[in-house]
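Subject: Structure for you to look at

Hello,

Here is the structure I said I would pass on. Please open it before reading the rest of this message.

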Amino acid sequence: MRIRHAELFAGIGGFSLAAKWMNWENVFQVEKDEWCRNKLKMNFRGTNIYGDIKDFKGTKYKGQIDVLSGGFPCQPFSVSGQRKGKDDDRYLWPEMYRVCKEIRPRFIVAENVPGIIGMELDKVLTDLENENYTCWPPFVIPACAVGADHRRDRVWIIAYANGNGFKTLLHGNKTNRQKKGRASDKCYSHIITAEQFEESFAESLLLHNKDGLPPTMDVMNALKASGNAIVPQIAYTIFKHIEMILN
């Protein structure tokens, strides 16, 4: 079975690149920025591309996507900004959540900055669990864990649809919410050190391009795109584990 992947807030396609390395099918991408959409068209031929997520309706893909990914905007939570959270017009988790409900993918993988931990992480996990998804305890993984020359800590959220037999396989008969406490209290106990992650990734042949970005991008747009991009090597490792479960 070839796994079907789709990406929200695609940017230059970090999740899609990891899916391509996995030989998954990239079904569609949603990205508002025109420059980024042009790069997606160039690098992911045959993938359906949509614009603003607020205009995107996922119902046409209901039940057709195995893994739905997205690095929803981090500016509302970033310590380098004003941290307005829900009051920021770039607060778009509700849009990603809506699409998740419309599509009902088997797995959801999301990425954001550590600043979300004390602000919205509990709501994200609660929203997903209210839709009958089970969430792994979130991981904080730095880019340096896959050989990059910068730290770039990011929170990775992974959820899977209940009723697929995954719960017994991954967690026995216990769900994460049987443990009392906020997700923000538990998240940092699941930080993966660079050494631990690098050890699990050591056999990969993909580290020749440390940041995953094409070398021909013009400088100004490259800076903007790379600032918003996920680290595809980390997504690749997560996807490897998901594929083992799905298959």
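Predicted model: local features only at pLDDT ≥ 70, side-chain atom pairs only at ≥ 80, totals over all residues.

Residues are numbered from 1 along each chain as its sequence is written, and side-chain values use heavy atoms, with hydrogens and water left out.

The chain has nine helices and eight strands; helices (H or I, at least four residues) and strands (E, at least two) are DSSP runs, numbered from the N terminus. Of its 247 residues, 53% are buried, where buried means under 20% relative accessible area with a 1.4 Å probe, protein chains only.

Helix α1 covers residues 14-21, and six of its eight residues are buried. These are G14, F15, S16, L17, A18 and A19. Among the elements that cover them are β1 (4-8), β5 (107-112) and α9. After α1 comes N23, with a positive phi near 65°.

A235 is in helix α9, residues 232-246. A235 counts as buried because its relative accessibility is 0%. Beyond its neighbours within four places in sequence, A235 is in contact (heavy atoms within 4.5 Å) with F15, A18, W156 and I230. F15 and A18 are among the buried residues of α1. The C-alpha atom of A235 is 8.0 Å from that of G14, although the two residues are 221 residues apart along the chain.

Regards

Notes. Buried < 20%, exposed > 50% of the residue type's maximum accessible area, 1.4 Å probe, protein only.
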